[in-house]
Amino acid sequence: MPTKLVLDLGATYSWVNCDDYISSTYQHVPCNSSIANSLSAYGCEDICDGPPGPNCANNSFLFLLDKPLETVHYKKVNSLNDALVDYLALLNNLGSLSSIDNFIFSCARTGFLKGLAKGVTGLASLGNSNLSIPVQINKAFSSSPNCFAMCLSGSISQPGVALFGSKGPYNFLHGIDLSKSLLYTPLIFNPLGRDSDPNTHRLSPEYYVGLTAIKVNGKMVAFNKALLAIDDQSGSGGTRISTLVPYTKLQSSIYKAFTLAFLKEAASSAFNLTTTKPVKPFRVCYPAGAVKTTQMGPAVPLIELVLDRQDVVWKMFGSNSMVRVTKKSVDLWCLGVVDGGTIDGPSIVIGGLQLEDNLLQFDLQSKKLGFSSSILSKGTKCADYKFPTRKV
């Protein structure tokens with residue numbers, strides 16, 4: 001059954017709405033089985049008190065479901081859900097389907113879909129976890145590298161691509177192999193982040209990078225650099241990458257320094273932009289007619305994230321920094337970075353807008369991130385991936 005899932009870079013395991021789950025091949029995970037013993041101990045359903053099905057079985061291992069976007073009313077929606085094993089099939093580079101016959105995931109109830117994209121029936125875990133899709137694929141196809149890449153489309157009508165078990169080539173239209181133009185920086189894992197367990201030394205499945213500085217139009221932004229490190233007592237601080245946050249969030253003091261720098265450079269003679277009344281959740285907006293358009297999107301100051309070395313820089317042009325807002329009589333370009341407040345967590349969360357039309361390679365074996373910056377600069381986009389022709 002074709003299934004639409006939200007991609008989550010920070011989830012421990014995948015889940016699917018089992019209220020509408022149709023399969024003749026699924027199996028529950030018995031509580032004392034070898035699979036259950038290899039998983040984190042959440043619970044066991046000794047006796048099912050409802051009709052038998054994916055959501056209910058005797059002697060069935062349970063997951064405590066992690067809801068990514070909105071708070072769930074647990075009196076109405078059960079947070080403990082059955083673990084299942086079933087087939088997962090994905091298109092391979094030969095144009096046929098490759099399947100994993102022992103894919104482990106969790107059931108969920110319809111209430112967990114609230115706030116997710118229309119048509120979505122669950123969540124695909126891409127985190128650094130033994131139960132994530134890339135790691136389970138690597139176990140099933142051990143000769144393939146423990147690595148995955150994703151390229152999120154900037155188009156609402158054309159899909160991007162996620163590639164598992166491959167370090168390249170990543171072939172796009174016009175004969176462009178993006179695996180040859182990646183920069184690399186170490187991946188960092190938070191010992192006190194989401195789904196971590198200090199008692200068993202299990203790290204959070206979320207992906208952090210070692211940001212050291214931010215530049216706007218080539219000029220350094222001044223702020224407290226101590227916020228860029230992960231605090232070893234609380235787990236707060238650092239820079240995380242997230243597919244679930246639509247726009248990059250900055251801790252309040254970083255946000256203030258960053259927006260002041262952006263406003264100053266945008267008002268300079270190079271851009272000559274004057275702000276107008278903003279539209280929530282944004283605080284910096286410009287009349288769309290005053291902003292020139294380039295191959296890289298709106299002509300605004302370049303944002304650079306300096307990572308572990310001065311020459312390892314993630315560049316964000318207008319296509320990844322600005323949001324077009326058109327409603328009623330309003331037509332604006334707004335800076336797609338928001339104030340995260342005094343975040344009890346990462347100081348910076350790099351969000352979905354900033355990931356669009358960027359190729360990211362997560363090498364879980366070498367613990368490093370490969371990134372392309374905007375591939376619009378190479379005359380291609382994520383929707384231009386050369387998908388293999390599906391064989392019947």
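Modeller: A disulfide here is a pair of cysteine sulfur atoms within 2.5 Å. The model is a predicted one.

Biologist: How many disulfides does the count come to by this rule?

Modeller: A disulfide is a covalent bond between the sulfur atoms of two cysteines. Applying the distance rule to this chain gives a count of five disulfides.

Biologist: Which parts does the pair of cysteine 31 and cysteine 44 tie together, and how many residues apart are they in sequence?

Modeller: The sulfur atoms of cysteine 31 and cysteine 44 are 1.8 Å apart, and a disulfide joins them. Cysteine 31 sits in the loop between strand E3 (27-28) and helix H1 (34-38), while cysteine 44 is in strand E4 (residues 43-45). The pair therefore ties together that loop and that strand, parts whose separation in sequence is 13 residues.

Biologist: Is the link of cysteine 31 and cysteine 44 right-handed or left-handed?

Modeller: The angle about the S-S bond is 90°. That makes the link of cysteine 31 and cysteine 44 right-handed.

Biologist: Is cysteine 44 buried, partly exposed or exposed?

Modeller: Buried means under 20% relative accessible area, and exposed means over 50%. Cysteine 31, at 12%, counts as buried. Cysteine 44 has 34% relative accessibility, so it counts as partly exposed.

Biologist: What is the angle about the S-S bond in the link of cysteine 48 and cysteine 56?

Modeller: Cysteine 48 and cysteine 56 form a disulfide with their sulfur atoms 1.5 Å apart. Both cysteine 48 and cysteine 56 are buried. Their link is right-handed, with an angle about the S-S bond of 110°.

Biologist: Why is the disulfide of cysteine 151 and cysteine 382 left-handed?

Modeller: The sulfur atoms of cysteine 151 and cysteine 382 are 2.0 Å apart, and the two form a disulfide. The disulfide is left-handed because the torsion about the S-S bond is about -75°.

Biologist: How many residues apart in sequence are the parts that cysteine 151 and cysteine 382 tie together?

Modeller: Cysteine 151 belongs to strand E9 (residues 147-151). Cysteine 382 lies in the segment after strand E29 (368-374). So the parts that this pair ties together are apart in sequence by 231 residues.

Biologist: Which residue in E29 is the bridge partner of tyrosine 184?

Modeller: Strand E13 (residues 183-188) and E29 pair in the antiparallel sense, over four bridges. The partner of tyrosine 184 in E29 is glycine 370.

Biologist: How far apart are the end C-alpha atoms of H3?

Modeller: At 1.5 Å a residue, the 15 residues of H3 should span 21 Å. The model agrees with this, as its end C-alpha atoms are apart by 21 Å.

Biologist: What is the average twist from one strand to the next in the open sheet of three strands?

Modeller: This sheet has the order E19-E25-E24, with antiparallel pairing. Strand E19 (285-287) and strand E24 (322-327) are its edge strands, each pairing on one side only. From one strand to the next, the twist averages 30°.

Biologist: What radius of gyration does the chain have?

Modeller: A compact globule with 392 residues would have a radius of gyration near 21 Å. The chain agrees with that, at 22 Å.

Technical notes:
Residues numbered from 1 in each chain as written. Predicted model: local features only at pLDDT ≥ 70, side-chain atom pairs only at ≥ 80, totals over all residues. Heavy atoms only, no water. Helix = DSSP H or I, 4+ residues; strand = E, 2+ residues; numbered from the N terminus. Buried < 20%, exposed > 50% of the residue type's maximum accessible area, 1.4 Å probe, protein only. Pairing = 2+ DSSP bridges. Expected span 1.5 Å × (residues − 1). Rg over C-alpha atoms; globule rule 2.2 N^0.38 Å. Axes fitted to C-alpha atoms, helices over the stretch in contact; angles between N-to-C directions.
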